[in-house]
Amino acid sequence: MTLEMLYSKIHRATVSDANLNYVGSITIDKELIEASHLKVGQKVEVVNINNGERFTTYVIEGKAGQKDICLNGAAARKAHIGDKVIIMAYAHLSEEEIETFKPTVVLVDEKNALVEVRDYI
């Protein structure tokens, strides 16, 4: 049996842009993608702390150092610039893997600068 468990999350990122006229997805600064071990094209769940919206989309890479968290396409309707979001990815793990696996938790500041990377929730 496998269970779907938290793989990685970027906690309390600030939405820096919303682009309705884009095909869709969430643009994330390359540095945050690397710190969180996310992959371009990976499915993520986004939770908007300001309004309670939850939605699923996929990751596209933003320029390193730009600190972008940009909602694109239909997702742009789910948040406003300045809203706080949690971006989460999950993995299917066996019961044995669950015993030793530690999710990556990326903490950022108000401007999406990396503050800390943890291997615990």
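**Close-up views of a predicted model**

View 1. At a relative accessibility of 72%, M1 is classed as exposed, because the exposed class begins over 50%. The model shown here and in the following views is predicted. M1 belongs to the segment that precedes strand β1 (2–14). Together with L3 and M5, M1 forms a nonpolar surface patch of about 300 Å².

View 2. S25 is located in strand β3, which covers residues 25–29. With 1% relative accessibility, S25 is classed as buried, because that class comprises values under 20%. Apart from neighbours within four places in sequence, S25 makes contact with T57, Y58, I60, C70, L71, N72 and A75. An unreviewed UniProt entry lists S25 under "modified residue: Pyruvic acid (Ser)".

**View 3. Side chains of strand β6.** Strand β6 spans residues 69–72. I69 and L71 point one way from the strand, while C70 and N72 point the other way. All of these residues are buried. C70, L71 and N72 are also among the residues in contact with S25.

**View 4. Pairing of strand β6 with β2 and β3.** Strand β2 (residues 17–19) runs parallel to β6, and three bridges join the two. In this pairing, D17 is found opposite C70 of β6. Strands β3 and β6 pair in the antiparallel sense, over four bridges. Here I28 stands opposite I69 of β6.

Terms used: Residues numbered from 1 in each chain as written. Predicted model: local features only at pLDDT ≥ 70, side-chain atom pairs only at ≥ 80, totals over all residues. Heavy atoms only, no water. Patch = residues over 30% accessible without salt bridge, like charges linked within 9 Å, V, L, I, M, F, W, Y side chains within 5 Å. Areas by Shrake-Rupley, 256 points an atom, 1.4 Å probe, with all protein chains shown as cover. Salt bridge = Lys/Arg side-chain N within 4 Å of Asp/Glu carboxyl O. Buried < 20%, exposed > 50% of the residue type's maximum accessible area, 1.4 Å probe, protein only. UniProt positions renumbered as here; feature names shortened; annotations may be inferred. Contact = heavy atoms within 4.5 Å. Pairing = 2+ DSSP bridges.
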